[in-house]
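Trainee: I would like to go through this model and ask what stands behind the words used for it. Where do we begin?

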Amino acid sequence: MATSSGVKEHRKEYLEFLIHFLGDITQPLHDEAEFVGGNQIPVLWDGNKTNLHATWDTQMVEKDAGGYGAAVITSFSNKLIAAIDSGAYASQKASWISCTDIRTASACALSWAQDANKINCAYVLKVDETNKELDGAYYTGAKPYIELQLAKAGYRLGTWVNNLAAAA
């Protein structure tokens, strides 16, 4: 994202990749090879056939946020920001950015992937959910993990963007 020739005009694209990458690496099933990251585990969401990966990527996040759209995203983001600033995550946030040196991006990415992957054993893949309805008790159990991982991703993203801007 530096200002050198040939790079400046691609800053938006680089930022979009960074946003996507940090979001993906914090999602537990993006760091898991089992059943192709959950894509090969059929499940039900609100009675509709889907797969475990899609449920974690979309359906559970949208339910937790209260839907989708700019107003919903703003409201949900504000809830997470409050939890990071002075709520449930305030004491944890420093550990989320212990690896933010832009010169060691690969090491940071590996650390974040390992962190997210632990959730697969702790919850996501702990019980075989094949062909089960997840819009109920499973979702309720997943909700704290969803919010924690989204908070981590947003906090790390902000730190990385600030560090990249400072280095430019």
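Mentor: With one residue, in what is a predicted model. Thr55 lies in helix α2, which covers residues 52–65.

Trainee: Why is Thr55 called buried?

Mentor: Buried means under 20% relative accessible area. Thr55 has 0% relative accessibility, so Thr55 counts as buried.

Trainee: Which residues is Thr55 in contact with, leaving aside its neighbours within four places in sequence?

Mentor: Val43, Trp45, Thr50, Met60 and Leu134. Contact here means heavy atoms within 4.5 Å.

Trainee: How much of the chain is buried?

Mentor: Buried residues make up 33% of its 168 residues.

Trainee: What is the secondary structure of the chain?

Mentor: There are six helices and two strands, and along the sequence they follow the pattern α-β-β-α-α-α-α-α.

Trainee: What makes the chain as compact as a globular protein of its length?

Mentor: The globule rule gives 15 Å for 168 residues, and the radius of gyration of the chain is 17 Å, which is close to that value, so the chain is as compact as a globular protein of that length. The C-alpha trace spans about 50 × 35 × 30 Å along its principal axes.

Trainee: Which residues lie nearest the centre of the largest pocket?

Mentor: Gly23, Val61, Leu80, Leu150 and Ala153, out of 33 lining residues. Helices α1, α2, α3 and α6 each give two or more residues to this lining. The pocket holds about 830 Å³ of space.

Trainee: How do the lining residues divide into nonpolar, polar and charged?

Mentor: The lining of the largest pocket has 19 nonpolar, 10 polar and four charged residues. Gly counts as polar.

Definitions and conventions
Residues numbered from 1 in each chain as written. Predicted model: local features only at pLDDT ≥ 70, side-chain atom pairs only at ≥ 80, totals over all residues. Heavy atoms only, no water. Helix = DSSP H or I, 4+ residues; strand = E, 2+ residues; numbered from the N terminus. Buried < 20%, exposed > 50% of the residue type's maximum accessible area, 1.4 Å probe, protein only. 1 Å grid on protein atoms, 1.4 Å probe; cavity = no way out; pocket = protein on both sides within 12 Å on 5 of 7 lines; lining within 4 Å. Points joined across faces, edges and corners; volume = space filled by probe spheres on them. Rg over C-alpha atoms; globule rule 2.2 N^0.38 Å.
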